[in-house]
Amino acid sequence: MPTNSQFAVATHILTIMSFKDKPVTSRALSESVNTHPVVVRRIIGDLQDAGLVRTQMGVDGGTSLLRTADQITLLDVYHATGQGEVFARHTNP
């Protein structure tokens with residue numbers, strides 16, 4: 001998946017979780033994003049590595065925010081999805 005899509009999907013995922021009182025399954029998230037659950041799980045892994053979400057297994061399992069939504073910036077999501085530099089120089093002089 002292109003990195004731009006990962007950023008958009010990650011933002012979508014975090015927005016959904018911000019409105020839920022309980023953990024959200026990757027299946028429910030993938031239905032909202034309209035993509036395969038494996039894609040969502042990979043992005044959730046990146047978000048978890050960045051300390052933005054936690055995942056729990058089991059009957060009541062799913063993913064939830066580690067911080068409140070107002071404590072997560074778009075820059076946090078940008079870095080979590082491995083976007084690289086915000087501004088890049090063009091290779092052509």
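## Starting near the end of the chain

Where is the place of Thr 81? Look in the segment after α4. Keep in mind as you look around that this is a predicted model.

Thr 81 is buried, because its relative accessible area is 5% and the cut-off for buried is under 20%. Its side chain reaches the backbone oxygen of Tyr 78 at 3.1 Å. Leaving out residues up to four places away in sequence, Thr 81 also touches Gln 6, Phe 7 and Ala 10.

## The overall plan

Now step back and take in the whole chain. It has 4 helices and 2 strands, and reading along the sequence gives you the pattern α-α-α-β-β-α. The chain has 93 residues, and 32% of them are buried.

How much of the contact list comes from residues 24 or more positions apart? If you take the contacts with a separation of 6 or more, such pairs account for 53%.

## The nonpolar core

The largest nonpolar core has 20 residues. Ile 13, Leu 14, Leu 47 and Val 53 have the most contacts inside it. The top contributor is α1, with 6 residues.

Setting aside its neighbours within four places in sequence, Leu 14 is in contact with Leu 47, Leu 52, Val 53, Leu 65, Ile 72 and Val 77. Two of these, Leu 47 and Val 53, were already named among the core residues with the most contacts.

## A closer look at α3

Let's check the length of α3 first. It has 13 residues, so at 1.5 Å a residue it should span 18 Å. The C-alpha atoms at its ends are 18 Å apart, which agrees.

Next, its sides. The buried residues of α3 are Val 39, Val 40, Ile 43, Ile 44 and Leu 47. They cover an arc of only 135 degrees around the axis, so they sit on the same side of α3. Here's the general idea behind that: an α-helix has 3.6 residues a turn, so residues three or four places apart point the same way. On the face turned away from the buried side, α3 carries the exposed residues Arg 42 and Asp 49. Just after α3 comes Gly 51, which takes a positive phi of about 80 degrees.

## The strands and the loop between them

Thr 63 belongs to strand β2 (residues 62–65). Is Thr 63 buried or exposed? It counts as buried, because its relative accessibility is 3%. The side chain of Thr 63 makes a polar contact with the side chain of Thr 55, at 3.4 Å. If you ignore neighbours within four places in sequence, Thr 63 is in contact with Met 17, Pro 23, Val 24, Ile 44, Val 53, Arg 54 and Thr 55.

Met 57 is found in the loop between β1 (53–56) and β2. This residue is exposed, with a relative accessible area of 81%. Met 57 and Pro 23 are 34 residues apart in sequence, and their C-alpha atoms are 9.9 Å apart in space.

## Two salt bridges

How many salt bridges does a search of the whole structure find? It finds 2. One of them joins the side chains of Glu 31 and Arg 27, at 3.7 Å from N to O. Both residues lie in helix α2, 4 residues apart, which is about one turn of the helix. Both are exposed too: Glu 31 has a relative accessible area of 57%, and Arg 27 has 59%.

In the other salt bridge, the side chains of Asp 76 and Arg 67 meet at 3.4 Å, N to O. Asp 76 counts as partly exposed, at 24% relative accessibility. Arg 67 is partly exposed as well, with a relative accessible area of 29%.

Terms used: Residues numbered from 1 in each chain as written. Predicted model: local features only at pLDDT ≥ 70, side-chain atom pairs only at ≥ 80, totals over all residues. Heavy atoms only, no water. Core = buried A, V, L, I, M, F, W, Y, C linked by side-chain atoms within 4.5 Å. Buried < 20%, exposed > 50% of the residue type's maximum accessible area, 1.4 Å probe, protein only. Contact = heavy atoms within 4.5 Å. Expected span 1.5 Å × (residues − 1). Arc of directions from axis to C-beta. Polar contact = N/O pair within 3.5 Å; in protein donor to acceptor, adjacent residues only side chain to side chain. Salt bridge = Lys/Arg side-chain N within 4 Å of Asp/Glu carboxyl O.
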